[in-house]
Amino acid sequence: GHLAIRDSDKHLILRESAMCADEDEAAFQDITKHRFFNTNNLWIRLDKLKEIVDKFGGFIPLPMILNSKTVDPKDDKSQKVVQLETAMGAAIECFDGASAVIVPRTRFAPVKKCNDLLLLRSDAYVITEDFRPVLNPACGGAAPVVALDSKKYKMVGQLEEATKDGVPSLVDCKRLTIKGVVRMGRSTRFVGDVSITNKSDEAKFISGKIENATLDVSEEVGLGALKPTVVATAPIAGQKPGTSGLRKKTKEFMSENYLNNFVQAVLDAVVAGGTNLSEGTLVVGGDGRYYNDKAIQTIIKMGVANGVKRFWIGENGLLSPPAVSAMIRERGPVWQKAFGAFILTASHNPGGPEEDFGIKYNTQNGGPAPEYLMEATYANTTSIKNYKICSDFPE
């Protein structure tokens, strides 16, 4: 939102985009008319704040904002709703004599949308010795203009998916426009004015140097067998792992989505804990009991869909828990070192179609998943809505 002066009392006010009438949108976005934007930093005298709270019976009369949303912010087709909200920055209109401190763009790098986040994460910005993000001098004083598809990159997770292989270079870019779903990486370098369109539903990978070009990649070869599929599912009761992982009857693991749900829940918990699945190695193996081979194939296909690039698989799928721990602890280059492992075992319990099966996750120190990770995994199993898998990945 931007700051404006209200004619009636000359108070500063905050105007958010959701407060703007459709017919006023062009004027609202005119930065030659509205030059100052709110940065969500408030400095308030507590005695004046108390006066306002007391005057209005215990609250601050912030203007109500009617914001059109959907129940699922990631799905524009989900149920439409009106969200009632207030903006704390709007409190500026409640104080007589309030003023604004002008902070130049050289002092901060605002992130409002994924456009800004991609720019900030790229080499168009550098971090100073006192830990401030500043525009890279190589940009010549002007930040690249980034315009990502607002529907395809509305959520941070969608941008994360597009940059799993690394953030592209933007330091020599003047303007980048992307419409549709694409994937980029460290090898991607945008130079000058670049526009990319993908009208297909399948993400297309953009690599190498792209200079002053307008590309339509709709008909280009896609990910093929590496194309992830998002499969709808629902929580399955009883998937709380113990110190030995999750153990159930084999037939229960073989039931629809049972193993898939648990594996996705673990991977989501691992990512939430700060692990980048695209770096390092995932170890997979088991004690050779019934369903071991099928389960390993499922884990590999789901791992690929979630960004894992490297696997260590025991010969014929066989790996004992001590062997797995030793492999994880084996030190090597970052790209090679294991970040964790799925071990398929039910220890001394009998195996077979009518007997037991088990799965547990060991972390990067070689030991079993700590309690916080098991709790996060269980929480994920109780709220899971879908899982990702590369169904066509060769076995």
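**Reading a cavity and its helices**

Guide: Let's begin inside the protein: this predicted model has 1 cavity of 30 Å³ or more. A cavity is a set of points on a 1 Å grid over the protein atoms alone where a 1.4 Å probe fits but cannot get out. The model's local features need pLDDT of at least 70, side-chain atom pairs count only at pLDDT 80 or more, and totals for chains, interfaces and linings use all residues. Residues are numbered from 1 along each chain as its sequence is written, and side-chain values use heavy atoms, leaving out hydrogens and water.

Visitor: How much space lies in the largest cavity?

Guide: A volume is the space filled by probe spheres set on the points, with grid points joined across faces, edges and corners. Here that comes to about 120 Å³.

Visitor: Which residues line the largest cavity?

Guide: Lining residues have an atom within 4 Å of a point. There are 15 of them, and Pro241, Lys360, Tyr361, Ala369 and Met374 lie nearest the centre. Strand S19 (356–363) is one of the elements supplying at least two, as are helices H6 (258–272) and H9 (371–381). Helices (H or I, at least four residues) and strands (E, at least two) are DSSP runs, numbered from the N terminus. S19 gives the largest share, 4 residues.

Visitor: How do I read the way two helices pack?

Guide: Two packed helices are described by the angle between their axes and the distance between the axes. Axes are lines fitted to C-alpha atoms, for helices over the stretch in contact, and angles run from 0 to 180 degrees between N-to-C directions. For H6 and H9 the angle is about 130 degrees, with the axes 8 Å apart. That makes H6 oblique to H9, since angles under 35 degrees count as roughly parallel, over 145 as roughly antiparallel, 65 to 115 as roughly perpendicular and the rest as oblique.

Visitor: Which residues of H6 and H9 make the contact?

Guide: Contact means heavy atoms within 4.5 Å. H6 brings Phe262, Ala265, Val266, Asp268, Ala269 and Val270, while H9 brings Leu373, Ala376, Thr377, Asn380 and Thr381.

Visitor: At what angle do H6 and helix H7 pack?

Guide: H6 meets H7 (residues 292–305) at about 45 degrees, with axes 10 Å apart. That makes H6 oblique to H7.

Definitions and conventions
1 Å grid on protein atoms, 1.4 Å probe; cavity = no way out; pocket = protein on both sides within 12 Å on 5 of 7 lines; lining within 4 Å.
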